[in-house]
Amino acid sequence: MAAFSPRFTILLPTPSPSPSSPLSASATLQQLADWDCGLACVSMVLTALNIPRSSPAELHGICPLQNIWTVDLAYILRRFGVEDFTYYTSYIGVNWQYLSKSFYRDSITEDQSRVHALFAGAADRNVRIVPMILDMNDIRRFLISGKYAVIILVNLSVLNCGTCTKKGYEKISGDDFVGHYILLAGYEPDSDTILYRDPGTNEVLCAVDADDLDVARSSLGTDHDAIVVRVA
Ligand SMILES: [Zn+2]
């Protein structure tokens, strides 16, 4: 960790106590249903960029899907005029390995043609997709710059937030894979801790060891999906 500045950095401003502040809204913004964590993360990014009409409810209106894929989120960022973002993935398209996962089984066939069309049209729509696994050190550097947020797909079953665990919050459990989007928002080099907002909780900031995040974002089912977006 010596390569990193020992300065604590958090890119999203600390929420003001005023409930009218857009950033205080983004800080506590929770998903509305059990499938829209991705929309909630995009909404937090758009709110940080002061882009209006980007609440989760409004995003539902333009993306009325229940099976939201990361490529859908990238297209929404483009639709709202966000310029500087890149979607990294280890798999372009619909990964048929996931047919064995109950999380995907019901929807994967109906999603296939839609998702493939989005990937195929991405270059023409100026949606930048890079077929590689974003290195954890790159994630650390993006976060410590204070300029980028990362929407990342994790397996919630193996993601353990230190803050929520201390408070004794119950976690969804059961399946071996529960896909969940979270928004990485900061990095603490002394403890090698990633700070993030989890739209499934009302915690302002959750915290996880970087190595543990790496495990959760590398589970079979995530394709290592991550969208790095400049927010400052
Ligand atoms: Zn937490």
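What percentage of the 232 residues of the protein chain count as buried? I get 37%, where buried asks for 20 or more other C-beta atoms within 10 Å of a residue's own, exposed for 12 or fewer, and partly exposed for anything in between, with C-beta atoms placed from the backbone.

**Ground rules.** I am working on a predicted model, where local features need pLDDT of at least 70 and side-chain atom pairs count only at pLDDT 80 or more, while totals for chains, interfaces and linings use all residues. My residue numbers start from 1 along each chain as its sequence is written.

**Inventory.** I listed nine helices and eight strands in the protein chain. Helices (H or I, at least four residues) and strands (E, at least two) are DSSP runs, numbered from the N terminus. I then looked at contacts, meaning pairs of residues whose C-beta atoms, placed from the backbone, lie within 7 Å. Among contacts between residues at least 6 apart in sequence, 69% join residues at least 24 apart.

**Strand 4.** I went to residues 148-155 next. Eight of the eight residues of strand 4 are buried, so the strand is largely enclosed by the rest of the structure. I checked both faces: Tyr-148, Val-150, Ile-152 and Val-154 point one way, while Ala-149, Ile-151, Leu-153 and Asn-155 point the other way.

Which strands does strand 4 pair with? I count two strands as paired if DSSP finds at least two bridges between them. Strand 8 (residues 226-230) runs antiparallel to strand 4 and is joined to it by five bridges; there, Ile-151 has Ile-227 as its bridge partner. Strand 5 (residues 179-188) is also antiparallel to strand 4, over six bridges, and Val-150 is partnered there by Leu-184.

I looked at helix 7 (residues 136-144), whose buried residues are Ile-139, Phe-142, Leu-143 and Ile-144. Gly-146 follows helix 7 with a positive phi, near 75 degrees.

**Strand 2.** I followed strand 8 to its pairing with strand 2, which is antiparallel over four bridges. Tyr-88 stands opposite Ala-226 of strand 8. Strand 2 also runs parallel to strand 3 (residues 129-130), with two bridges joining them, and Tyr-87 stands opposite Ile-129 there.

**The core.** I searched for nonpolar cores, sets of buried Ala, Val, Leu, Ile, Met, Phe, Trp, Tyr and Cys residues joined through C-beta atoms within 7 Å. The largest has 55 residues, and Val-45, Val-150, Ile-151 and Leu-184 have the most contacts inside it. Helix 2 (residues 37-48) gives the most to this core, with nine residues.

**A helix pair.** Two packed helices are described by the angle between their axes and the distance between the axes. I took helix 4 (residues 70-79) and helix 6 (residues 108-121), whose axes come within 10 Å and cross at roughly 50 degrees. The axes are lines fitted to C-alpha atoms, for helices over the stretch in contact, and angles run from 0 to 180 degrees between N-to-C directions. Helix 4 and helix 6 are therefore oblique to each other; angles under 35 degrees would count as roughly parallel, over 145 as roughly antiparallel and 65 to 115 as roughly perpendicular, with the rest oblique. The contact is made by Val-71, Asp-72 and Tyr-75 of helix 4 and Val-115, Leu-118 and Phe-119 of helix 6.

Most residues other than glycine have a negative phi, and most peptide bonds are trans. I noted two exceptions on phi. Asn-50 has a positive phi of about 60 degrees and sits in the loop between helix 2 and helix 3 (56-62). With 9 C-beta neighbours inside 10 Å, Asn-50 counts as exposed. Asp-192 has a positive phi near 50 degrees, in the loop between strand 5 and strand 6 (193-197). Asp-192 counts as partly exposed, with 16 C-beta neighbours inside 10 Å.

**Last stop.** The C-alpha atoms of Pro-56 and Ala-40 are separated by 5.5 Å, though 16 residues apart along the chain.

Technical notes. Contact = placed C-beta atoms within 7 Å.
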